[in-house]
Amino acid sequence: MSEPHMETPQELDAANARPVDRAMPTGTVGRSVGEPELSGGRSGDVLLEVDHVTLRFGGVVALNDVSFSLRKGEIFGLIGPNGAGKTTCFNAMTGVYRPTSGGIRFQGESIVGKKKHEITRGGIARTFQNVRLFPEMTALENVMVGADAHHKTSVVGALFRLPRHWQEEKAGREKSLELLRFVGIERRAGEVSRNLSYGEQRRLEIARALATNPTLLCLDEPAAGFTPAEKVELLELIRKIRDTGVTVLLIEHDMRLVMGVTDRIVVLEFGKKIAEGTPAEVRDDPKVIAAYLGVPTDAA
Amino acid sequence: MTTTETPPTGAVPAAEKKNWRTSGGVRGWFGRQHWAVRTVLALVFAAVAYLLPYAGDVPVLGPQIITEGIDWPSALFNMSYYVLLALGLNVVVGFAGLLDLGYVGFFAVGAYTVAMLTSPDSVLHTEWPWLAAIPVALAIAMLSGLILGWPTLRLRGDYLAIVTLGFAEIIRIFATSSETLRGDRGFSDIPHPPGSYADGKPIFGVADATPYYWLGLSVIILVIFGVRNLDRSRVGRSWLAIREDEEAAEIMGVRTIKYKLWAFAIGAFIGGLGGVMFAGQQGFMNSQTFILQFSILVLAGVVMGGSGNLFGAILGGALISYIPDRLRGIEDPIFHTDLFGFRFAIFGLVIIAIMIFRPQGLIPSRRRAMELKDREKEVAPQ
């Protein structure tokens, strides 16, 4: 973990002193001006709860007593400098790492120790910081792998081409094409995914994740390497996804992007949560400015 | 081989419909043809295959194809079980990307089960007919695939290769030293497949291997259908996803262990089928049949033909059997001995040549070809 500005543990503890109410009185979801209000009933319920999670790799504490919760229907930002533990947090939530201590509950049910594919079928889908598609498969096939997650028939159905298998294949293909259209790359459906442009690959990853019918979609730095124009398009896409009823967890570096789209934000640094709140609150938080943004002028 | 494509969804333009077809299962040129063309081609191909025992009667070309001095139908039958093994190994290595160096183990399990159940030499004294032993043999072969797969599939790449290598050797050594499996003495009088002509002569006799070849060919066609159906379904996609990025596959909801086990079990099933056919034709077998070389040879066939491509595996499997046989009776110009003695050296040279000039295999899987191209790019600085 190489940070641009090192702080002593004392300072870090002080930074973490901000009281955090895990249960968060419901009320209105903080959102920036101009955002459409969510249709009633959906917002407010806790969808995912990260409960005092600590994760150590040997002597390195990657996550230190991190707690926050996501509510249904919101776009939630997880931000922090490089090495702050954002992706680690993601990995803990998707079953790649198992927390050393603490709990993670999704829709009220603990997901610690569950297998990765179980968590996916349970409703958490993700993309990767470094695109991890199946490079030799076509775009359509990539998405279909995601769609397969909820299919019932397997080897026997496929071997004898049973009607039910047939239906699932057809439905999966149609759904996948639909999703490719949704993310705007349906023209590339038959193209091997390694031949797609970087931006298309990122979109394809989102489509693949959406194909698993997630309740929660976790995007790990989806805008990395994007031009400003592409970022604007991505923002549109993220909002569109949220409008379909999917809760979005966004890890992002680009503050402008995060501020523009998220309802609430948690800021991590050195594996600790240093702030939580609406974009406006977080932007004005002196600890965040000090720890993450460096100089205030960057904060816009 | 009729091809049944899912009717494409209405909203998609024709240009894209075509694209799916290449992404089906049997890749490449063949896959891009109209289904009627493919059906006709496949039927012609099958017909030619069924007529191969009479290749010697074809003027001019015939004598070039067959090897003089050997029994051509027997050679064809040998090719048929090599092809069967290549098809099975292709599922494990080509589709799922699991390097199995001990594939002959499953062949042995299939053959030994048949021998144990049918041969009068067996301690079981059951002396079942060949046909009755088949389901048991296939079930045990599949089970052995699961038993080997369960503890080892957490291993990857080279480690898995070593364990599977050990598995085949354990089976061979056990067969050699065990009193029950009779080592070198082997099992004799394993019954042939049933059936007789109108005049009472058995169809599957000792003199003519042609019916065995036809039987083998029919089994191969069934296996092709089965494997192709799997390849073009979520099963094939899961295998491919596992091969490409196992962790990403699991995070996308693929039950990786389950599908890897299936790959192993299906591979073992097909390998066992090869063993069953072998035992039924030979009538005799012992532990010398199942040497390690055999596994390597089949793997070489799969890689040579084009790993991950059904047709590639078929061609590779046929060649590993055909090439050594074809060398019989040809005198080499230097030592004036039979070239058959140099078969492995020549075979090695052929493989090296193929690997140099066509590393993706003779009939490559479209994907593998691209992987290799990409690796070339990585090596050559741009």
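Predicted model: local features only at pLDDT ≥ 70, side-chain atom pairs only at ≥ 80, totals over all residues.
Residues are numbered from 1 along each chain as its sequence is written, chains are lettered from A and ligands numbered from 1 in the order in which they are written, and side-chain values use heavy atoms, with hydrogens and water left out.

Aromatic rings make a friendly starting point. A pair of aromatic rings is described by the distance of the centres and the angle of the planes. Rings of Phe, Tyr and Trp (its six-membered ring) pair if their centres lie within 6.5 Å; planes under 30 degrees apart count as stacked, over 60 as edge-to-face and the rest as tilted. Over all chains, the structure holds 21 aromatic pairs. A:Phe57 and A:Tyr97 form one that is edge-to-face, with 5.0 Å from centre to centre and 75° between the planes. A:Phe57 belongs to strand β1 (residues 46-57) of chain A and A:Tyr97 to the loop between α2 (86-93) and β4 (101-106) of chain A, so the pair ties together parts that are 40 residues apart in sequence. Helices (H or I, at least four residues) and strands (E, at least two) are DSSP runs, numbered from the N terminus. A:Phe57 is partly exposed, at a relative accessible area of 37%, and A:Tyr97 is partly exposed at 31%. Here buried means under 20% relative accessible area, exposed over 50%, and partly exposed in between (1.4 Å probe, protein chains only).

In chain B, the ring centres of B:Phe77 and B:Tyr81 are 5.6 Å apart and their planes stand at 70°, so this pair is edge-to-face. Both residues lie in helix α5 (residues 72-95) of chain B, four residues apart, about one turn of the helix. B:Phe77 is buried, with a relative accessible area of 0%, and B:Tyr81 also counts as buried, at 6%.

Rings also meet charges. A charge sits over a ring if NZ of Lys or CZ of Arg is within 6 Å of the ring centre and within 35 degrees of the ring normal. The charged end of A:Arg208 sits over the ring of A:Phe134, 4.7 Å from its centre. Likewise, the charged end of A:Lys240 sits over the ring of A:Phe182, 4.7 Å from the ring centre.

The next topic is the nonpolar cores. A nonpolar core is a set of buried Ala, Val, Leu, Ile, Met, Phe, Trp, Tyr and Cys residues joined through side-chain atoms within 4.5 Å. The largest has 111 residues, and B:Trp239 and B:Met285 are those with the most contacts inside it. Helix α5(B) gives the most to this core, with 17 residues. Domain 1 (31-66) and domain 2 (74-378) of chain B both give residues to this core, so it lies between them. Apart from this core lies another, of 35 residues, among them A:Val143, A:Ala189, A:Phe226 and A:Leu250. Contact means heavy atoms within 4.5 Å. Not counting residues up to four places away in sequence, B:Met285 touches B:Ala111, B:Tyr112, B:Phe187 and B:Phe290, among others.

The domain bounds come from an automatic or database domain assignment. The C-alpha centres of the two domains of chain B lie 23 Å apart, and 11 residues of domain 1 are in contact with 10 residues of domain 2. Between them the domains bury about 850 Å², 58% of it on carbon and sulfur atoms. Buried area is the accessible area (1.4 Å probe) that two parts lose on being put together, summed over both.

Chain A comes to 11 helices and 10 strands, and buried residues make up 56% of its 300 residues. Helix α4 (residues 139-147) of chain A is mostly covered, with nine of its nine residues buried. A:His165 lies in helix α6 (residues 163-183) of chain A and is buried, at a relative accessible area of 4%. Leaving aside neighbours within four places in sequence, A:His165 is in contact with residues including A:Thr153, B:Ser233 and B:Arg234.
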